[in-house]
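Please look over the sequence and the model shown here before reading the briefing that follows.

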Amino acid sequence: MNFKKISKSFGATQALWDASIFSNSRAIFALVNANGALKSILIKIICGYCKDYEGEIYIGSQHVYFHSPQVSFRKGIRRLHQITDKVVVP
């Protein structure tokens with residue numbers, strides 16, 4: 001799964017800008033950073049909870065748009081609710 005230049009605004013507030021992650025194989029991603037580093041927003045975009053974002057998400061060579069949690073779930077994306085947010089990628 002690859003994420004290219006993912007950005008998200010809430011009104012005039014630019015919350016996330018140009019976040020990119022590249023992987024050549026199946027992987028489990030863990031986002032680790034300080035509180036307030038916008039990890040949860042990226043996880044919500046990947047899992048289909050935030051619909052209006054900029055950037056591109058690819059599974060293999062297929063461009064995908066997760067407009068709902070059901071769509072990301074059907075693609076094999078899983079969010080594990082624990083102390084920190086984690087995503088299992090197909």
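Over which ring does the charged end of Lys8 sit? It sits over the ring of Phe10, 4.7 Å from the ring centre, where a charge counts as over a ring if NZ of Lys or CZ of Arg is within 6 Å of the ring centre and within 35 degrees of the ring normal. This is a predicted model, in which local features need pLDDT of at least 70 and side-chain atom pairs count only at pLDDT 80 or more, while totals for chains, interfaces and linings use all residues. Residues are numbered from 1 along each chain as its sequence is written, and side-chain values use heavy atoms, leaving out hydrogens and water.

**Charge over ring**
- The charged end of Arg78 sits over the ring of Phe73, at 3.6 Å from its centre.

- Beyond its neighbours within four places in sequence, Ile45 is in contact (heavy atoms within 4.5 Å) with residues including Ile6, Tyr53 and Phe66.

**Aromatic pair**
- The whole structure holds one aromatic pair (ring centres of Phe, Tyr or the six-membered ring of Trp within 6.5 Å).
- Tyr53 and Tyr65 form this pair, which is stacked (planes under 30 degrees apart), at 5.3 Å centre to centre and 20 degrees between the planes.

Technical notes: Rings of Phe, Tyr and Trp (its six-membered ring) pair if their centres lie within 6.5 Å; planes under 30 degrees apart count as stacked, over 60 as edge-to-face and the rest as tilted.
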